[in-house]
Amino acid sequence: FVNTLQKSHNESSNDYFTHMISYGVTKSAYRCNDDPSSVKDTTFLIDTSGSMLGAGLCPPGMGRCSRMDVARWALRRVVPAVIHQTEQSGDPGKITMTGFVGLNTTSNVDAELNRRDVVFYDPAEDANRSDQETADQLNDQLMDMCPEWWHTTPLGIHIDALADDMGDGESGCNAEGVCDPDKRRINRITVLSDGENMNGKSPIGVAQYIKETYPNMVVNVIDVAGTARGVRELQSIASITGGEYYKADNPDELLNAFYHSSGICDPYIPINPVDTKGCASRY
């Protein structure tokens with residue numbers, strides 16, 4: 001048994017500290033940083049290729065469901081926690097999320113992202129928004145995030161467009177070139193995917209471009225399938241950009257991977273999530 005971040009709630013005994021079972025993580029230790037001042041902007045990129053309609057190992061009470069349904073379940077818990085943590089910073093950044101929006105050029109994907117991505121937290125506008133409003137907006141977006149069986153996996157082109165849209169974080173260096181590592185703030189992309197890139201730019205080439213162009217950006221990758229070719233590619237994306245790779249093929253691992261990749265030590269769920277399956281789920 002492993003003491004995971006997510007605890008179960010035993011209704012009969014009101015024991016809030018009953019440990020859930022962990023199914024074996026691929027990393028022996030996780031970085032945990034609850035200082036929100038270390039991160040500027042965060043974007044979640046969710047794979048909406050057809051394979052995300054495949055059967056997933058579902059949380060209790062959901063019956064049979066797809067990988068996308070499991071991703072929704074985790075994101076309903078993670079995004080509010082990330083927002084809560086971000087709000088603790090004296091200089092918070094933005095939080096956005098998107099699925100795949102096109103299979104063409106980076107410029108076309110970038111233009112489409114600017115029309116369709118969803119900002120869940122913008123410090124200039126959302127400081128006084130209620131938890132319920134955030135939860136409702138999040139759920140609406142998740143329910144509309146629908147994989148189609150004919151969609152492939154254009155990971156590289158989307159990571160590239162997001163990186164260019166976000167830009168670099170903050171170097172922590174002053175005008176004289178004196179740098180303070182403690183003041184460095186990263187921009188972070190967290191990718192959830194279940195397979196290797198199928199068209200467009202090579203994700204490994206994009207990762208090298210990010211390393212050279214945006215040294216204060218990291219790409220964390222959560223792999224929910226673990227195909228042989230996909231593992232090598234997804235691990236390389238994270239490694240090149242200084243991010244972390246997580247293998248998560250069940251709900252507990254997925255939720256913990258999201259929490260750890262977001263630097264969350266103390267999960268915060270202000271609204272009891274309503275776990276509804278979305279789209280035309282075959283389950």
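**Figure 1. Tyr 259, a buried residue in helix H7.** Let us start with Tyr 259, which has a relative accessibility of 0% in this predicted model and therefore counts as buried. This residue has its place in helix H7. Its C-alpha atom is 6.5 Å from that of Val 78, although 181 residues separate Tyr 259 and Val 78 in sequence. Ala 81 is found in helix H1. With a relative accessibility of 3%, Ala 81 counts as buried too, because buried means under 20%.

**Figure 2. The largest nonpolar core.** Which residues touch the most other members of the largest nonpolar core? They are Phe 44, Met 97, Leu 254 and Phe 258, out of 36 residues in this core. Several elements each give two or more residues to the core: strands S3 (39-46), S6 (95-98) and S7 (118-121), together with helices H1 (67-87), H3 and H7 (251-261). Helix H1 gives the most, with 11 residues. There is also a second, separate core of 25 residues, and among them are Phe 100, Val 101, Ile 159 and Ile 210. Here is a general idea to keep in mind: nonpolar side chains tend to be buried together in soluble globular proteins.

**Figure 3. A salt bridge between Asp 275 and Arg 77.** The side chains of Asp 275 and Arg 77 meet here, with 2.7 Å from N to O. This pair links distant parts of the chain, 198 residues apart: Arg 77 belongs to helix H1, and Asp 275 to the segment after H7. Asp 275, at 29%, counts as partly exposed.

**Figure 4. A salt bridge between Asp 160 and Lys 201.** The closest N and O atoms of Asp 160 and Lys 201 are 2.7 Å apart in this salt bridge. Where do the two partners sit? Asp 160 is in helix H4 (residues 155-166), while Lys 201 is in the loop between strand S8 (186-193) and helix H5 (203-213). They are 41 residues apart, and the pair links distant parts of the chain. Asp 160 counts as buried at 3% relative accessibility, whereas Lys 201 counts as partly exposed at 41%.

**Figure 5. A salt bridge between Asp 249 and Lys 247.** In this view, Asp 249 forms a salt bridge with Lys 247, and their closest N and O atoms are 3.0 Å apart. Asp 249 is partly exposed, with a relative accessible area of 44%. Lys 247 counts as buried at 18% relative accessibility, because the cut-off for buried is under 20%. How many salt bridges does a search of the whole structure find? The search finds nine.

**Figure 6. A patch of negative charge on the surface.** Four residues gather in this patch: Glu 133, Asp 136, Asp 140 and Asp 144. One of them, Glu 133, lies in helix H3 (residues 131-144). With a relative accessible area of 47%, Glu 133 is partly exposed. Why is Glu 133 partly exposed rather than exposed? Exposed means over 50%, so its 47% leaves Glu 133 in the partly exposed group.

Terms used. Residues are numbered from 1 along each chain as its sequence is written. This is a predicted model: local features need pLDDT of at least 70, side-chain atom pairs count only at pLDDT 80 or more; totals for chains, interfaces and linings use all residues. Side-chain values use heavy atoms; hydrogens and water are left out. Patches are made of residues with over 30% relative accessible area and no salt bridge: like charges are joined within 9 Å, nonpolar side chains (Val, Leu, Ile, Met, Phe, Trp, Tyr) within 5 Å. Accessible areas come from the Shrake-Rupley method with a 1.4 Å probe; for residues, only the protein chains shown count as cover. Lys and Arg count as positive and Asp and Glu as negative; His and the chain ends are not counted. The place of a charge is taken as NZ of Lys, CZ of Arg, CG of Asp or CD of Glu. Helices (H or I, at least four residues) and strands (E, at least two) are DSSP runs, numbered from the N terminus. Buried means under 20% relative accessible area, exposed over 50%, partly exposed in between (1.4 Å probe, protein chains only). A nonpolar core is a set of buried Ala, Val, Leu, Ile, Met, Phe, Trp, Tyr and Cys residues joined through side-chain atoms within 4.5 Å.
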